[in-house]
Amino acid sequence: MSNLCYHNAQGVCREKDIKERGANRLESSQALINKYPWLDIGDDEYTLIDLLPDGWYDLAWGLCIELRNALPPHLIDKYKVAEAKEKYYMLRWYDYIDDFGEMPEDIVDIVCKYEEKSRGVCMICGAPKPKDQPFCDYCMESRNM
Ligand SMILES: [Zn+2]
C-alpha cells in the first residue's frame, strides 16, 4: 500500500474503510475468486482488485459485478485478465477469452465504459474529478500539485 493520504474530497479520512477492507480480505479472497475467477492472481490474500489504486476500489467492483452478470456461464472460467493497471490516470483492463475464444461484444462495451469512467474518478480517494486533471482538487492540493 502506498503512502498517500486517504481522504475524500470532503476531507473525510477513508483510512478506516481501507483497513476494514484489509481485515475482510483474508477470509473472503477465496470466496471472491470462486465467484470472480479472473481476480485470481495466485495469492491467498490478495486479488487483482488489490493491485489497483485504492480510489478505484468501488469502480473496479462495479466492473466485476457487471462482468459477472453479463458473461455467459460457459465463459466465466475462460474469461481472463492478463493485466489491470493505471496508465495516464486511466484504468486499463486487458482481458481475453482462454482457448482463443471470441470476446462477447457486451463484455467489450462494459470494459470500455469503466475505463472511460475511471478518468472521472480520483484514484487516490475515489472522489469525482475533472477528466483533464490527474487527481481530485483535494488530493491535488494536499500533494501540492
Ligand atoms: Zn482525491
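**Helix packing, a hairpin and a core**

In this predicted model, helix α2 (residues 57–70) and helix α3 (residues 105–118) pack at an angle of about 170°, with their axes 10 Å apart.

Me: Why is α2 called roughly antiparallel to α3?

Reply: The angle between the two helices is about 170°. Angles over 145 degrees count as roughly antiparallel, so α2 is roughly antiparallel to α3.

Me: Which residues of α2 meet residues of α3?

Reply: From α2 come Leu59, Gly62, Leu63, Glu66, Leu67 and Ala70. Their counterparts in α3 are Asp106, Ile107, Ile110, Tyr114, Lys117 and Ser118. The residues of this contact divide into seven nonpolar, two polar and three charged. Gly counts as polar, and Gly62 is one of the α2 residues in the contact.

Me: How do you know that Val111 counts as buried?

Reply: Val111 has 21 C-beta neighbours inside 10 Å. A residue is buried if 20 or more other C-beta atoms lie within 10 Å of its own, so Val111 counts as buried. Val111 lies in helix α3. Setting aside residues up to four places away in sequence, Val111 touches Trp93 and Asp95.

Me: How far apart are Val111 and Leu67 in sequence and in space?

Reply: Val111 and Leu67 are separated by 44 residues in sequence, while their C-alpha atoms are 8.2 Å apart.

Me: What makes β1 and β2 a pair of strands?

Reply: Strand β1 (residues 79–87) and strand β2 (residues 90–97) are joined over eight bridges, in the antiparallel sense. Two strands pair if there are at least two bridges between them, so with eight bridges β1 and β2 are a pair. Glu86 has Leu91 in β2 as its bridge partner, and Lys87 stands opposite Met90 in β2.

Me: What lies between the strands of this hairpin?

Reply: Two residues lie between β1 and β2, and Tyr88 in this hairpin takes a positive phi near 50°.

Me: Which residues have the most contacts inside the largest nonpolar core?

Reply: They are Trp56, Ala60 and Cys122, in a core of 28 residues. The elements giving two or more residues to this core are α2, β1, β2 and α3. The largest share, five residues, comes from α2.

Me: What is Trp56 in contact with, leaving aside its neighbours within four places in sequence?

Reply: Trp56 is in contact with Leu91, Ser118, Val121 and Met123. Among these, Leu91 is the bridge partner of Glu86, and Ser118 also takes part in the contact of α3 with α2.

Conventions. Residues are numbered from 1 along each chain as its sequence is written. This is a predicted model: local features need pLDDT of at least 70, side-chain atom pairs count only at pLDDT 80 or more; totals for chains, interfaces and linings use all residues. Helices (H or I, at least four residues) and strands (E, at least two) are DSSP runs, numbered from the N terminus. Axes are lines fitted to C-alpha atoms, for helices over the stretch in contact, and angles run from 0 to 180 degrees between N-to-C directions. Angles under 35 degrees count as roughly parallel, over 145 as roughly antiparallel, 65 to 115 as roughly perpendicular and the rest as oblique. Two residues are in contact if their C-beta atoms, placed from the backbone, lie within 7 Å. A residue is buried if 20 or more other C-beta atoms lie within 10 Å of its own, exposed if 12 or fewer, and partly exposed in between; C-beta atoms are placed from the backbone. A nonpolar core is a set of buried Ala, Val, Leu, Ile, Met, Phe, Trp, Tyr and Cys residues joined through C-beta atoms within 7 Å.
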